[in-house]
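Student: I would like to learn how to read the packing and the sheet of a protein model. Can we take them in turn?

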Amino acid sequence: MPLHMIANDPVIDQTQMSRALQLAEQGLFTTDPNPRVGCVLLRDGKVVGEGWHFRAGEPHAEVLALRAAGEQARGATAYVTLEPCSHTGRTPPCADALIAAGIAHVHCATVDPNPRVAGQGLERLRAAGVGVSVGTLAVPARALNVGFFSRCERARPFVRLKLAMSLDARTAHTNGVKAWITGPAAREDVQRWRARSSAILTGAGTVRSDDPRLDVRLAYGSWVRQPLRVVLDPNLSCDPAATVFQGDGALVFAADDAGGRAGAGGALGRRIERVPRVAGGLDLGAILHRLAALEINELLVECGPRLAGAFLRADLVDELVLYVAPTMIGSSALPLAVFDGELSSFEFRDVRRVGADLRLILVPEKG
């Protein structure tokens with residue numbers, strides 16, 4: 001019996017969707033701003049085609065799987081980690097490609113949250129007589145594209161705050177001496193968080209004290225995608241010659257009452273946008289809303305204690321990545337975060353050793 005006639009076998013469905021998720025994860029560092037998507041085609045119990053989306057503007061996972069399957073796609077079952085698109089964007093609609101190829105049944109893990117799709121791809125498939133099932137491994141499928149879902153559903157990126165501290169919860173000496181807290185393995189691990197991010201954000205204080213690059217030093221084959229660099233500089237106090245403004249430059253958010261004019265500094269590697277000033281700094285909510293409009297899915301925040309405290313105090317941190325080094329710096333060193341009052345609690349999602357250090361991943365505790 002052809003597999004599409006027994007398409008509701010839960011063991012087969014989970015096994016093949018798991019494989020589709022493995023394929024999708026290969027685009028972890030490259031698909032931005034598109035979601036990471038994988039596709040598996042089965043016919044008569046055999047895999048006849050696989051595909052995963054590599055980069056925006058290039059063929060989607062379904063199209064690549066159909067190409068691999070050729071004529072064997074007719075009558076097959078497709079396992080896709082996200083609803084096939086129904087609109088023409090950088091590429092034609094994948095729903096139409098599946099219909100034209102004669103796919104008999106489509107399993108998708110989740111509905112696409114993009115308002116331009118949002119169930120329309122599934123309806124197009126059903127209208128063409130294609131069987132449709134939704135929900136297999138939906139939780140890991142959403143987790144793989146947590147930033148894409150956040151941008152589409154909440155109109156803001158998924159915010160990941162990365163911090164590093166000593167055992168006594170200190171982050172840097174106050175005497176101006178620059179020194180790594182964590183070891184090389186932890187710093188290499190941070191590169192992977194940067195690589196999966198759409199943008200990396202820091203504050204003016206970090207630019208002045210550390211002169212960071214905020215770039216990715218990993219290569220994905222022969223190609224490297226650099227996240228957008230974002231600097232919060234309320235008073236436009238940073239030196240335009242700072243390293244972060246070199247190369248492709250950075251997007252700078254300044255207060256709407258700061259000196260200069262919007263858009264100034266482009267020739268110096270700065271694109272300046274204005275947001276309201278609030279007590280203690282800039283309107284972080286307005287900044288996140290603007291970044292979502294720029295198709296930023298995952299935002300990695302690497303900053304000093306004051307800006308870290310501001311994000312935490314505003315309940316804008318979706319995930320905290322905290323590296324802990326087996327050393328102590330002393331009470332005169334800078335704290336992990338600066339804030340008044342008590343914050344919401346976090347819960348542990350992962351604890352592991354990275355080289356000589358520990359890496360903790362925490363998420364806000366659900367009320």
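Student: What is a nonpolar core, and which residues have the most contacts inside the largest one?

Tutor: A nonpolar core is a set of buried Ala, Val, Leu, Ile, Met, Phe, Trp, Tyr and Cys residues joined through side-chain atoms within 4.5 Å. Buried means under 20% relative accessible area, exposed over 50%, and partly exposed in between, with a 1.4 Å probe and protein chains only. In soluble globular proteins, nonpolar side chains tend to be buried together. In this predicted model, local features need pLDDT of at least 70 and side-chain atom pairs count only at pLDDT 80 or more, while totals for chains, interfaces and linings use all residues. Residues are numbered from 1 along each chain as its sequence is written, and side-chain values use heavy atoms, leaving out hydrogens and water. Here the largest core has 35 residues, and those with the most contacts inside it are Leu161, Leu201, Leu232, Phe253, Ile287, Leu291 and Phe311. Its largest share, five residues, comes from helix 10 (residues 305–313); helices (H or I, at least four residues) and strands (E, at least two) are DSSP runs numbered from the N terminus.

Student: Is helix 10 mostly covered or exposed?

Tutor: Mostly covered, with seven of its nine residues buried. Among them are Leu307, Phe311 and Leu312. Just after helix 10, aspartate 315 takes a positive phi of about 55°.

Student: What does isoleucine 287 touch?

Tutor: Contact means heavy atoms within 4.5 Å. Leaving aside residues up to four places away in sequence, isoleucine 287 touches Leu201, Leu232, Phe253, Val275 and Leu282. A second, separate core of 25 residues includes Val37, Leu98, Leu125 and Val130.

Student: In what order do the strands of the open sheet lie?

Tutor: Two strands pair if DSSP finds at least two bridges between them. The five strands of this open sheet follow the order 2-1-3-4-5, with mixed pairing. Strand 2 (46–52) and strand 5 (131–134) stand at the edges with a single partner strand each, so one side of each has no neighbour in the sheet. Strand 1 (residues 38–43) pairs with strand 2 in the antiparallel sense over six bridges.

Student: Which strands does helix 2 lie across?

Tutor: Axes are lines fitted to C-alpha atoms, for helices over the stretch in contact, and angles run from 0 to 180 degrees between N-to-C directions. Helix 2 (residues 61–69) lies across strand 1, strand 2 and strand 3 (77–80), at about 140° to strand 2. Helix 4 (residues 120–127) touches strand 4 (105–108) and strand 5, making about 150° with strand 5.

Student: What pLDDT does the chain average?

Tutor: The pLDDT is the predictor's confidence in each residue, from 0 to 100. The chain averages 90, but residues 1–7 are below 50.
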